[in-house]
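Please look through the following model with an eye to how its elements pack against one another. The paragraphs after it go from pairs of elements to the whole chain and then to single residues.

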Amino acid sequence: MFEKAISMFTDQVDRIINSESSSLKKAESGIRLCNRTLSELQHMVEKEDFEDSAAEINFFKNIKPIPMSYLIYFTEVRTCELSIPKAGNNPKIRFLEKEVKKINKFFSQTKDFVNYMEQSHNYMDPQYFTRNNLDYHPFAPTINYYQYPEFSTSHDMLWAMIQAMYKFIHYIREKLQKLQPGNKSLYAEKQPKLLLWSGSKTALVELIYALYADGSLNHGNVEISTIISSFEDFFNTKLDQGYKTYSDIKARKGDRTKYLNQLILKLENKMRRDDGL
């Protein structure tokens with residue numbers, strides 16, 4: 001019931017993120033898109049509701065948090081862009097470092113739930129992701145993002161906030177990197193020193209979109225922009241035009257999955273060589 005709305009949303013949010021607009025304009029466009037999508041999802045739920053508790057859990061755990069997390073993320077980006085000092089690199093760096101401390105404090109306070117979600121547990125899902133336990137809300141946002149009691153569970157907002165903060169961390173890190181281009185320690189925690197992507201960026205985008213299409217990461221509950229950001233961090237590279245590159249791949253004549261097919265052939269050849277030893 002929700003697949004078309006989410007598919008359209010992810011396509012549109014990718015276009016916004018990969019556009020040439022300023023961060024502030026991207027955030028404002030993203031906020032409008034997220035609010036429209038959440039309103040559409042809310043209308044669907046009010047009209048048809050859920051067949052059973054499993055469908056309700058899936059919606060509030062895996063579907064609603066996609067636009068909700070982007071709404072929180074874009075709101076945080078907009079606030080940052082409007083609040084960051086306008087002159088001088090040092091004041092800007094101090095401001096961004098304070099934002100990092102706030103994010104770390106948030107993750108410290110929610111570490112048990114973060115662990116529950118990242119370990120793919122489900123034993124508490126009926127309490128966390130159905131509307132039967134609305135009396136317990138562990139997270140009370142200071143900003144009224146998009147809150148309607150009949151369209152909320154006790155933990156769907158918290159889960160969206162966690163996903164949003166992962167996106168926001170990447171945004172903060174990129175801003176700090178631009179202000180401190182020689183400071184490689186910003187990425188040191190996440191980047192293995194010896195793992196650098198030495199293939200073409202087009203090949204990497206093809207691989208990323210294949211993993212995204214297969215749902216191999218986070219059980220399929222992750223946006224393409226998050227996967228791209230993670231691969232950028234892990235392989236110490238930049239994919240500034242990921243969506244455009246994917247469009248170019250789709251427009252290829254003949255063999256559209258050229259890199260993936262090469263991987264298959266090379267792995268098959270290696271296994272045949274190994275068998276011959």
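Contact, as the word is used here, means heavy atoms within 4.5 Å. Helices (H or I, at least four residues) and strands (E, at least two) are DSSP runs, numbered from the N terminus. This is a predicted model, in which local features need pLDDT of at least 70 and side-chain atom pairs count only at pLDDT 80 or more, whereas totals for chains, interfaces and linings use all residues. Residues are numbered from 1 along each chain as its sequence is written, and side-chain values use heavy atoms, with hydrogens and water left out.

With those terms in hand, the overall make-up can be stated: the protein has 13 helices and zero strands. Of its 277 residues, 42% are buried, where buried means under 20% relative accessible area, exposed over 50%, and partly exposed in between (1.4 Å probe, protein chains only). The protein exposes about 16100 Å², of which carbon and sulfur atoms supply 52%; accessible areas come from the Shrake-Rupley method with a 1.4 Å probe, and for residues only the protein chains shown count as cover. Among the contacts in the protein with a separation of 6 or more, 72% are accounted for by residues 24 or more positions apart.

Consider next the pairing of helix H1 (residues 3-17) with helix H4 (residues 65-83), whose axes come within 11 Å and cross at roughly 25°. H1 is therefore roughly parallel to H4. Axes are lines fitted to C-alpha atoms, for helices over the stretch in contact, and angles run from 0 to 180 degrees between N-to-C directions; angles under 35 degrees count as roughly parallel, over 145 as roughly antiparallel, 65 to 115 as roughly perpendicular and the rest as oblique. From H1, Ile 6, Phe 9, Thr 10, Val 13 and Ile 17 meet Ile 66, Pro 67, Tyr 70 and Phe 74 in H4. The residues of this contact of H1 with H4 comprise eight nonpolar, one polar and no charged, with Ala, Val, Leu, Ile, Met, Phe, Trp, Tyr, Cys and Pro counted as nonpolar, Asp, Glu, Lys and Arg as charged, and the others, Gly among them, as polar.

H4 also packs with helix H2 (residues 23-48), at an angle of about 150° and with the axes 8 Å apart. H2 is therefore roughly antiparallel to H4. By class, the contact of H2 with H4 has 13 nonpolar, five polar and four charged residues. Among the residues of H2 that meet H4 are Glu 28, Ile 31 and Leu 38, while those on the H4 side include Tyr 70, Leu 71 and Phe 74. Glu 28 counts as partly exposed because its relative accessibility is 28%, and its C-alpha atom is separated by 9.8 Å from that of Leu 71, 43 residues apart along the chain.

Is Glu 56 buried or exposed? This residue of helix H3 (residues 53-63) counts as buried because its relative accessibility is 10%. Leaving aside neighbours within four places in sequence, Glu 56 is in contact with Phe 50, Phe 129, Thr 130 and Arg 131.

Leu 217 is found in the loop between helix H10 (201-214) and helix H11 (224-235), and it counts as partly exposed because its relative accessibility is 30%. Beyond its neighbours within four places in sequence, Leu 217 is in contact with Leu 211, Val 222 and Ile 227. The C-alpha atoms of Leu 217 and Ile 227, 10 residues apart along the chain, are separated by 8.3 Å.
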